[in-house]
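Trainee: Could we go through the aromatic contacts of this model together, one question at a time?
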Amino acid sequence: MLRQFTNSLTRWDRLLFDRIFSWGDERIILNRLFRLISWSANGWLYPFLAIYVYLTVNPTISKPFLLSAVIAFPLERLLYHLIKQSMKRDRPFERLVDVEFRVRPPDRFSFPSGHAASAFLMMTLLTSFFPVLQIPVFLWAATVGVARVYLGVHYPTDVLAGAILGIVTARIGIWFIM
């Protein structure tokens with residue numbers, strides 16, 4: 001039964017990967033757009049966002065937001081590296097014929113997606129403290145996940161695992177300070 005579930009999940013993963021990756025056949029604008037969206041989740045923008053929140057938002061909201069982030073991000077990075085090194089899943093462009101990466105991956109292995117983890121972590125923090133941002137921030141985080149598949153560096157299950165990791169670690173960070 002477990003083998004049947006795993007085989008079914010693998011087929012679904014590959015089918016969805018093929019569908020999303022095939023959007024990119026000779027579409028330069030889409031390539032640039034998804035690279036930019038993927039880049040937005042590299043982590044470089046998060047400290048600037050934190051400084052902006054600190055300087056412009058009421059301290060009753062900005063301090064818990066920042067404390068949650070200070071707890072959640074290191075926890076997410078630690079778990080991300082532990083999972084990635086224990087799973088050691090090859091990236092799609094290494095495993096699949098006719099798949100080349102459209103952006104250079106930051107490390108060797110695929111599972112889980114660190115970009116999705118950090119995007120969903122930030123999404124969870126932002127929407128928890130600033131509920132008005134729910135729709136645009138969720139759309140951004142989800143698009144980051146799609147971009148990582150489109151760019152040929154992750155399977156959909158890598159993105160799903162990263163999203164779960166990001167949400168859970170953000171919730172832990174929020175729980176810890178409340």
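Trainee: Is Phe65 buried or exposed?

Mentor: This is a predicted model, in which local features need pLDDT of at least 70, side-chain atom pairs count only at pLDDT 80 or more, and totals for chains, interfaces and linings use all residues. Residues are numbered from 1 along each chain as its sequence is written, and side-chain values use heavy atoms, with hydrogens and water left out. Buried means under 20% relative accessible area, exposed over 50% and partly exposed in between, with a 1.4 Å probe and protein chains only. Phe65 has a relative accessible area of 2%, so Phe65 is buried.

Trainee: Which kind of pair do the rings of Phe17 and Tyr155 form?

Mentor: Phe17 is buried at a relative accessible area of 0%, and Tyr155 is buried at 6%. Their ring centres are 5.7 Å apart and their planes stand at 50°, so the pair is tilted.

Trainee: Which residues form one aromatic cluster with Phe17?

Mentor: Phe17 belongs to an aromatic cluster together with two further residues, and these are Phe21 and Tyr155.

Terms used:
Rings of Phe, Tyr and Trp (its six-membered ring) pair if their centres lie within 6.5 Å; planes under 30 degrees apart count as stacked, over 60 as edge-to-face and the rest as tilted.
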